[in-house]
Amino acid sequence: MGDKTKSTLVNEEKPAAIDTLFKLYKKNRYHARVFFKNNGRHGFVRKTTWLHEEGNDFSIVQYRKIHGISVTNRMYSRETVELRITYKKGKFWFITGASTRIKGVKHFTLSHVSMMENSEKIIKILIEKFPWVQFLMENNLLTHISVNTIKKQKLFTLKKALQYKYKTNYPTAKLLHSVPNYFTSFDLPKKMKYLKNIESIKKNWLIPQEDIHGHFVDTLRMAETLDRQVNCSWSDSRLKEEHDKWSDEITEIIYNEANRDLKIKKVFTEFRDFSNLNMLTTTKEMYLEGKKQSHCVGTYVQKVDNGRCAIFTYNKYTIEVGIKVNNELYIVQCRGFRNKNADEESMTHINNLILEFNKTIQAKKIKEGGLSTKNIGLDEFDDGFHLPF
């Protein structure tokens with residue numbers, strides 16, 4: 001940095017253990033080393049964020065400084081640049097250091113700010129320099145788009161920002177943005193070319209709580225697979241018809257003609273053995289189940305292969321069983337013919353099997369010392385929204 005650079009401390013995150021380490025070091029270096037080794041090196045990391053300004057150019061830099069005691073009882077420290085937002089010659093860049101998972105230079109987006117300590121202060125600095133940032137943050141708009149693109153296209157008004165995001169006219173873009181959820185914010189803008197007559201889209205297609213929403217999302221996904229378009233002028237019943245037709249076509253091509261074993265996560269096979277429920281284990285079985293029940297479970301093969309769920313059958317119902325981050329199972333959905341909801345008796349029976357299985361898994365982990373008795377709640381990681389088959 002040059003002589004004209006002005007540096008301002010923005011934020012500091014310093015564990016109390018660092019001050020204790022310095023005090024002990026002054027009294028007894030050996031005791032300081034014992035304290036350091038006992039606490040582990042990660043407890044002695046100081047993070048500071050600085051604003052470096054030189055004319056109109058600036059950088060917001062997050063430094064990571066490690067303090068420690070060597071085997072010869074000498075104190076050492078090592079400082080590296082962890083993250084950097086740079087604005088130079090009218091362009092933004094985001095630079096990640098060696099201590100991060102992915103080192104490199106990227107086009108800066110407002111979403112990158114969340115990676116830094118005390119991101120609120122950093123947003124405040126950006127707003128002071130570029131007032132339009134506040135408008136984008138308040139409306140949750142374009143936060144994953146390069147800020148250089150936002151500047152170049154001058155997307156500083158709601159109308160311009162929405163039209164750019166959804167690539168459609170302002171009234172339609174405004175409707176799409178009026179239903180904020182992950183689908184409308186992130187998935188839908190990437191798949192606009194698979195929609196026809198977008199200005200005729202129904203609001204209930206966009207609302208997760210509406211039954212038709214699952215059919216719309218599923219049909220749009222299949223449109224991308226088949227390289228077709230969903231016509232937003234269709235009625236709800238027509239959308240469901242096309243959904244079922246496209247589902248049959250995909251499952252016939254992929255899962256029946258190219259039959260193979262599914263890659264099923266071990267915990268699901270353990271649940272099968274515990275519950276004696278029938279589990280679908282091949283792509284052909286998935287295809288035939290979807291054909292029999294007139295729903296699109298056949299298109300869930302990748303989800304099963306990725307270990308996110310397994311498909312079971314019980315009486316006249318198809319059951320998707322999912323897994324949470326604490327390795328507990330839960331019912332994602334239980335559907336009959338044409339996605340009819342399961343009766344209460346069947347749901348209770350299946351749910352009881354899962355609860356009993358979860359208890360056995362939990363008890364086993366506690367016995368092995370791998371699980372805290374302070375358990376994670378069953379619903380803690382369930383967002384409550386799942387697409388129907």
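## Strands β2 and β3

Glu53 stands opposite Phe58 in β3. Strand β2 (residues 45-54) and strand β3 (residues 57-69) run antiparallel, joined by 10 bridges. Strands and helices here are DSSP runs, numbered from the N terminus: strands are E with at least two residues, helices are H or I with at least four. Two strands count as paired if DSSP finds at least two bridges between them.

This is a predicted model, in which local features need pLDDT of at least 70, side-chain atom pairs count only at pLDDT 80 or more, and totals for chains, interfaces and linings use all residues. Residues are numbered from 1 along each chain as its sequence is written, and side-chain values use heavy atoms, with hydrogens and water left out.

## The six-stranded sheet

Strands β2 and β3 belong to an open sheet of six strands. The order is β1-β2-β3-β4-β5-β6, with antiparallel pairing. At the edges are β1 (6-13) and β6 (104-106), each pairing on one side only. On average, neighbouring strands of this sheet are turned by 25° against each other, direction ignored.

Helix α1 (residues 16-27) packs on the sheet. It touches β2, β3 and β4 (75-88), and its direction makes about 45° with that of β3. Contact means heavy atoms within 4.5 Å. Axes are lines fitted to C-alpha atoms, for helices over the stretch in contact, and angles between N-to-C directions run from 0 to 180 degrees. Helix α2 (residues 29-39) lies across β3 and β4, at about 110° to β3.

## How α1 meets α2

Two packed helices are described by the angle between their axes and the distance between the axes. For α1 and α2, the angle is about 155° and the axes are 6 Å apart.

From α1, the contact uses Ala17, Thr20, Leu21, Leu24, Tyr25 and Lys27. From α2, it uses Arg29, His31, Ala32, Phe35 and Phe36. By class, seven of these residues are nonpolar, two polar and two charged. Ala, Val, Leu, Ile, Met, Phe, Trp, Tyr, Cys and Pro count as nonpolar, Asp, Glu, Lys and Arg as charged, and the others, Gly among them, as polar.

## The four-stranded sheet

Another open sheet has four strands in the order β9-β10-β11-β12, paired antiparallel. Its edge strands are β9 (278-279) and β12 (329-335). Six bridges join β10 (residues 309-314) to β11 (residues 317-323). In β11, Ile319 is the bridge partner of Phe312.

Two helices lie across this sheet. Helix α14 (residues 344-368) lies across β10, β11 and β12, running at about 165° to β12.

## Salt bridges

How many salt bridges are there? The count comes to 17, where each is a side-chain nitrogen of Lys or Arg within 4 Å of a carboxyl oxygen of Asp or Glu. One of them joins Glu117 and Lys47 (3.6 Å, N to O). Glu117 lies in the loop between β6 and α3 (119-129) and Lys47 in strand β2, so the pair ties together parts 70 residues apart in sequence.

Glu289 forms a salt bridge with Lys292, their closest N and O atoms being 3.6 Å apart. Both lie in helix α12, three residues apart, about one turn of the helix. Is Glu289 buried or exposed? Glu289 is buried, at 6% relative accessible area, whereas Lys292 is exposed at 52%. Buried means under 20%, exposed over 50%, and partly exposed in between (1.4 Å probe, protein chains only).
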